[in-house]
Structure formats: structure tokens, C-alpha cells
Amino acid sequence: MSLNLNRPRNNLLDKPLSKGKNEVSLSVFALLFSEMVQYSQSKSNSITELHEILHEMGYDVGTRVTDLYIVRDKNSKRETRLINILLFIKGTIWKNLFGKEADKLEHANDDERIYYIIEKEPLVNKFISVPKDKNSINCAQFIAGIVQAILHFSGFPCQVGAHHHKGTTYRIIFEDAVIARDKQLEEK
């Protein structure tokens with residue numbers, strides 16, 4: 001019996017990886033996020049600390065997904081205009097992370113540095129039961145951290161927080177330099 005070393009091998013490891021679905025089971029996400037919230041509660045002494053921990057966890061996620069989405073959806077071209085990056089987050093990022101676009105993007109009337117992304121029912125608040133004595137807990141701070149990281153690493157330094165208003169509102173306060181740069185780009 002002779003061995004034929006030139007024949008193609010049908011080994012599982014030789015086959016290319018299939019792309020498959022880019023979806024995660026909702027129940028798996030809910031379980032994982034619930035564990036993250038419980039872990040955060042065990043490490044915090046106040047609601048403010050809990051919000052900070054969730055925000056930091058979201059920021060870590062945002063730092064990892066920024067380049068992925070820019071390479072995948074923008075062909076490695078980063079946005080330079082403020083409104084374009086906000087629309088990219090409201091649309092593309094939200095669709096990829098949560099399966100749908102955010103409900104609204106608004107600009108504050110009284111301060112040119114403030115924008116709002118509004119979502120009626122964030123996925124992260126959907127399956128979290130909050131005790132009556134702690135009704136100010138907003139797990140959407142996790143998403144606020146993601147948004148802040150994406151904006152920071154795209155060159156738009158800001159502060160992002162989640163607030164209960166019209167569902168959940170993510171308030172984005174950009175640094176003055178971002179607004180000045182955007183005005184310069186408008187003039188060109």
C-alpha cells in the first residue's frame with residue numbers, strides 16, 4: 001500500500017471559516033449583561049459608583065469595536081465631521097450592536113456642544129429588574145461608555161452620560177475644540 005501525499009486533504013481545519021450569522025442570542029446577552037450588572041453592584045457602594053463601573057465596561061467595549069466598524073463599514077475612512085460621526089453611531093453602530101437604529105438624534109437649542117441620542121427602550125434596560133428603592137439605576141450607562149469610546153477614538157473628545165428622559169437619552173457634551181474644528185471644516 002502506498003501513501004499518496006499529493007492528494008488534497010479534507011480536514012476541518014483546512015476549510016475557511018464561515019461568516020455565519022452575526023447575531024447573539026438575546027437570552028445569552030441578557031444573562032451575560034445581568035451578570036455584569038450583579039458584578040458591578042458587588043464592587044460598588046453607591047448608585048454613582050455602579051454607573052461609573054458600567055460606563056467603564058462600556059468604554060472598554062467601545063475601544064475594541066471602533067476600529068472593527070470603521071474598517072468593516074467605512075473602508076478605513078474615519079469621519080472628520082461631527083454630524084457624520086453622530087449619524088454613523090446612531091445608524092450603523094446601533095444596528096450592528098442592537099439590531100436597530102437609535103430612535104432620534106437631536107441637537108440642544110441652548111448649547112452648541114450638546115447632542116442627544118434618544119432610544120425609547122434600550123436593550124440593556126429591558127431585562128433588568130430594579131428595586132423600588134434604587135429606581136435611579138440606569139444600566140444604559142454601559143452604552144454611554146461605548147458611545148464615548150467610539151467618539152474619543154474617532155477624534156471627537158467628549159463626555160457621554162445616560163439619563164431617563166423620553167425613554168433613555170444619551171447626552172453628549174463635546175469639548176470646545178471639537179466644535180471649533182467642525183466650524184473650520186464648514187468654512188472650507
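Two strands pair if DSSP finds at least two bridges between them. The views below apply this to a predicted model.

**View 1. Strands β3 and β4 pair antiparallel.** Seven bridges join β3 to strand β4, residues 168-174, and the two run antiparallel. Q159 stands opposite I173 in β4. G161 has R171 of β4 as its bridge partner. The two strands form a hairpin, with three residues between them. In that turn, K166 has a positive phi of about 55 degrees.

**View 2. Four strands make an open sheet.** The strand order is β1-β2-β4-β3, and the pairing is antiparallel. β1 (104-107) and β3 (158-164) stand at the edges. Each has a single partner strand, so one side of each is left without a neighbour in the sheet. From one strand to the next, the twist averages 20 degrees. Six bridges link β2 and β4 in the antiparallel sense. E119 stands opposite T168 in β4. Five of the seven residues of β4 are buried, so the strand is largely enclosed by the rest of the structure.

View 3. Helix α3, residues 82-98, touches β1, β2 (114-119) and β4. The direction of α3 makes about 15 degrees with that of β2. Helix α5, residues 141-153, touches β2, β3 and β4. The direction of α5 makes about 160 degrees with that of β3.

**View 4. Y59 and F153 form a tilted aromatic pair.** The structure holds six aromatic pairs. In this one, the ring centres of Y59 and F153 are 6.1 Å apart and the planes are at 55 degrees, so the pair is tilted. Y59 is in helix α2 (residues 47-74) and F153 is in helix α5, 94 residues apart. Y59, at 21% relative accessibility, counts as partly exposed. F153, at 44%, also counts as partly exposed.

**View 5. W94 and Y170 meet edge-to-face.** Their rings are 5.6 Å apart centre to centre, with 65 degrees between the planes. W94 lies in helix α3 and Y170 in strand β4, so the pair ties together parts that are 76 residues apart in sequence. W94 is buried, with a relative accessible area of 1%. Y170 counts as buried at 0% relative accessibility.

**View 6. Further ring contacts.** F29, F33 and F142 form one aromatic cluster. R181 lies over the face of F156, at 4.8 Å from the ring centre.

Notes: Residues are numbered from 1 along each chain as its sequence is written. This is a predicted model: local features need pLDDT of at least 70, side-chain atom pairs count only at pLDDT 80 or more; totals for chains, interfaces and linings use all residues. Side-chain values use heavy atoms; hydrogens and water are left out. Axes are lines fitted to C-alpha atoms, for helices over the stretch in contact, and angles run from 0 to 180 degrees between N-to-C directions. Contact means heavy atoms within 4.5 Å. Buried means under 20% relative accessible area, exposed over 50%, partly exposed in between (1.4 Å probe, protein chains only). Rings of Phe, Tyr and Trp (its six-membered ring) pair if their centres lie within 6.5 Å; planes under 30 degrees apart count as stacked, over 60 as edge-to-face and the rest as tilted. A charge sits over a ring if NZ of Lys or CZ of Arg is within 6 Å of the ring centre and within 35 degrees of the ring normal.
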